[in-house]
Amino acid sequence: MKNVALVLSSGGSKGLAHIGVINVLEQKGFNITSVSGSSIGAIVGGLYAMGQLQKYAHWVKTLNKMEVWGLLDFTLTSQGLIKGETVFNKMKEFIPDMNIQEMKIPFSAVASDLINEEEVVFDKGSFYEAARASMAIPALFTPVKYNNTILVDGGILSPVPIPFVKRSGNDILVVVNLYGKKNRRKLDLREKNKTNSFLSSVSSLMKTGDKQNIGYFSLLTHTSATMIHKLARLTIEKYNPDIVINIPADAANTFDFFKAKELIKLGEKAAVAQLSKYL
C-alpha cells in the first residue's frame with residue numbers, strides 16, 4: 001500500500017471531480033496520509049480529512065439547478081455578489097464543524113491575503129471558517145476579514161497548493177489539477193436560468209460570452225483564469241509530482257454543482273486512466 005500526499009486544486013464546481021479521484025485512490029489501495037487544497041479543493045479535502053466526504057457527496061448528488069441557486073445568498077454590497085453563508089449553514093446541519101488539528105489526517109486550506117500579497121495557510125481552527133476564506137472568489141463572493149487583513153480565494157496565489165501539503169519520506173505526491181487541457185466544446189449560449197429575472201441576469205453575467213458579447217463577469221473570469229491556469233502549470237512543473245490527474249478546465253462552469261454525478265464520474269475516469277499508467 002502506497003502512502004499519498006494529496007493536493008487538490010481550486011476550480012469551482014469542477015472540484016466535485018476530486019471526489020471521484022479520491023474514490024479511485026482508495027479502491028486501488030492507496031493510503032491518503034495528508035491533503036491540502038485551495039477553494040473547492042479545500043472544501044473536498046477538508047471533508048475527506050474529517051471522514052465526512054461521502055456524506056457530502058450523497059447530499060450534493062441530490063441537488064438540482066434550482067436548489068443550487070437557492071444556496072447562493074445574493075447581496076448588493078460593492079464587495080461581491082454572494083455572501084457564501086447559506087451553503088455552509090446547510091452543510092452544518094448534517095456535517096458539524098471541526099477544528100482542523102483534530103482531523104483524522106493532516107490537512108491545510110490555502111487562502112490569499114490581498115493586503116500582504118501572500119498565502120495564508122489554515123492548518124488549525126474551524127474548518128468552515130478556513131473553507132469560507134479559501135473559496136472567496138473575488139467579485140463573486142464577499143472577502144473575509146481576518147487578523148487585520150482581507151482574504152480571498154486561495155486559487156489567486158496558489159491554485160495548486162503543493163508547498164503546503166505535509167509530506168513523509170515514503171509517500172508519493174498526487175495532484176488533481178482542474179486546469180487541464182480544455183475540451184473546447186462549443187458553448188451553448190441559449191441556456192437560460194428561468195427562476196426569476198434577477199437570477200437570470202446574474203446567470204447571464206457569469207456565463208461565457210462570445211468575442212462580440214463578452215460581458216463584464218466573463219471578461220473578469222477569463223482574465224483571472226488565464227493567470228491562474230499559467231500559475232498552476234508553473235507550480236506543477238516546479239514540483240514535478242509523481243502523479244498528475246488533469247480535469248479539463250472547461251468541464252463545468254463555476255456553479256454547476258447540479259452536475260455532481262457527472263463530475264464525480266469524470267474524476268473517477270481520469271484517475272483510473274492516470275493511475276493505470278503509474279502502476
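A: Start with a term: buried means under 20% relative accessible area, exposed means over 50%, and partly exposed lies in between (1.4 Å probe, protein chains only). Buried residues make up 51% of the 279 residues here. This is a predicted model: local features need pLDDT of at least 70, side-chain atom pairs count only at pLDDT 80 or more, and totals for chains, interfaces and linings use all residues. Residues are numbered from 1 along each chain as its sequence is written, and side-chain values use heavy atoms, without hydrogens and water.

Q: How many helices and strands are there?

A: The protein has 9 helices and 8 strands. These are DSSP runs, numbered from the N terminus: helices are H or I with at least four residues, strands E with at least two.

Q: What follows α2?

A: Gly51, with a positive phi near 80°.

Q: New topic. How many cavities of 30 Å³ or more turn up?

A: The search of the whole structure finds 1. On a 1 Å grid over the protein atoms alone, a cavity is a set of points where a 1.4 Å probe fits but cannot get out; lining residues have an atom within 4 Å of a point.

Q: Which residues are closest to the centre of the largest cavity?

A: Ile43, Val87, Met135, Phe141 and Phe257, out of 21 lining residues.

Q: Which helices supply at least two lining residues each?

A: α2, α3 (53-60) and α5 (86-92) each do.

Technical notes. 1 Å grid on protein atoms, 1.4 Å probe; cavity = no way out; pocket = protein on both sides within 12 Å on 5 of 7 lines; lining within 4 Å. Points joined across faces, edges and corners; volume = space filled by probe spheres on them.
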